[in-house]
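This report describes the architecture, packing and surface of a single protein chain. The sequence and model are shown first.

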Amino acid sequence: MRKDYYELLGIELKATPAEIKAAYRRQAMRYHPDHNVGNPEAEERFKLVAEAYRTLGEPERRADYDAWLERQSRLGNAPELAAMASRRGRRVSVRHAYERRERRARHRHEERRSARVPSLFSLRPHRDHGVLHFVMFYALCFAVMVPWFIGYAGREAPRTVYDAAAQKRNKLPGESDLPPEVQERELRNFQARILLAAEGGEPWAQFRYGMMLYQGYQGMEPNREAAMSWWQKAADGGHVPSARMLESARKAASEVQEKGGE
């Protein structure tokens, strides 16, 4: 049976916290191992004094210890109850009671923490009652999603209908929808209109026709000398792009002659 902590510290049951602290310091200095070298009894008494101060120095532990003292006094007056309390496995220590209180508080804290997220929507099941919710939730997900995936994978792809209108929409940039013979006739008419306007003295037409001759536009025979003559006519009429193109063409021709001479 554990000794009386009040008796160990030499204080009364109604001692104040200051008196308990002062009594502990006196007893600790008296039985400290440094002051009692080679004395195991003093060392054991020092441990008991420290345990007594830990118990009586905290209000909750002291209240539990006072209740235990009162219970022990009742058991002392009733031998049959004392025999029941002395059975094997029966805990009557204040330390055990305080540990049970801490375990209950920790258990309540874990319950409040686990209650923030319902077990049905948590990835980790909480205790035994959460396993059923865990299985039911994911079974419901599979029951809904699997048929949807099967129906999506097994559906028939839409057929593409190709017609004349679609072919026209898919034509290349610059490609005409007219038949080849019509295109050739329109090209000849276009070239004839440009030549007619150039012969009429239109600077823009002279510049355009010179470009067609210089590059060999749409099957035309390239003729750079004739192209430069048309640009010269347009430049004489005040057409600035023709003058710039004429200067560039002459410069390119001179570079070609110099390379040929070398």
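## Basis and overall fold

The model is predicted, so that local features need pLDDT of at least 70 and side-chain atom pairs count only at pLDDT 80 or more, while totals for chains, interfaces and linings use all residues. Residues are numbered from 1 along each chain as its sequence is written, and side-chain values use heavy atoms, with hydrogens and water left out.

The chain contains 12 helices and zero strands. Helices (H or I, at least four residues) and strands (E, at least two) are DSSP runs, numbered from the N terminus. Of the 262 residues, 23% count as buried. Buried stands for under 20% relative accessible area, exposed for over 50%, and partly exposed for values in between (1.4 Å probe, protein chains only). The chain exposes about 20200 Å², of which carbon and sulfur atoms supply 55%; accessible areas come from the Shrake-Rupley method with a 1.4 Å probe, and for residues only the protein chains shown count as cover. Among contacts (heavy atoms within 4.5 Å) between residues at least 6 apart in sequence, 41% join residues at least 24 apart.

## The cores

A nonpolar core is a set of buried Ala, Val, Leu, Ile, Met, Phe, Trp, Tyr and Cys residues joined through side-chain atoms within 4.5 Å. The largest nonpolar core has 14 residues, and those with the most contacts inside it are Y5, Y6, L9, I11, I20, L56 and Y65. Two or more residues of this core come from each of α1 (5-9), α2 (17-31), α3 (40-56) and α4 (59-77). A second, separate core of 10 residues includes I194, A198, M212 and W230.

With neighbours within four places in sequence set aside, Y6 is in contact with I11, E12, L13, L56, R62, Y65, D66 and L69. A52 is found in helix α3 and is buried, with a relative accessible area of 0%. Leaving aside neighbours within four places in sequence, A52 is in contact with Y5 and L9. A52 and Y5 are 47 residues apart along the chain, yet their C-alpha atoms are separated by 5.1 Å.

Helix α2 holds both Q27 and R26. Q27 is buried at a relative accessible area of 13%, whereas R26 counts as exposed at 53% relative accessibility. Not counting residues up to four places away in sequence, Q27 touches L8, L9 and V49. The C-alpha atoms of R26 and L9, which lie 17 residues apart along the chain, are separated by 8.6 Å.

## Helix α9

The buried residues of α9 are V182, Q191, I194, A197 and A198, and they pack against α10 (203-215) and α11 (224-236). Of these residues, I194 and A198 also belong to the second core. After α9 comes G201, whose phi is positive, near 95 degrees.

## Salt bridges and surface

Side chains of opposite charge can pair when their charged atoms come close. The structure holds two salt bridges, a salt bridge being a side-chain nitrogen of Lys or Arg within 4 Å of a carboxyl oxygen of Asp or Glu.

| Salt bridge | N to O distance | Relative accessibility |
|---|---|---|
| E58 and R61 | 3.6 Å | E58 34%, R61 22% |
| E184 and R188 | 3.2 Å | E184 48%, R188 47% |

E58 and R61 each count as partly exposed, as do R188 and E184. R188 and E184 both lie in helix α9, four residues apart, about one turn of the helix.

L140, V144, M145, W148 and F149 form a nonpolar patch on the surface, with about 540 Å² of accessible area together. Patches are made of residues with over 30% relative accessible area and no salt bridge, like charges being joined within 9 Å and nonpolar side chains (Val, Leu, Ile, Met, Phe, Trp, Tyr) within 5 Å.
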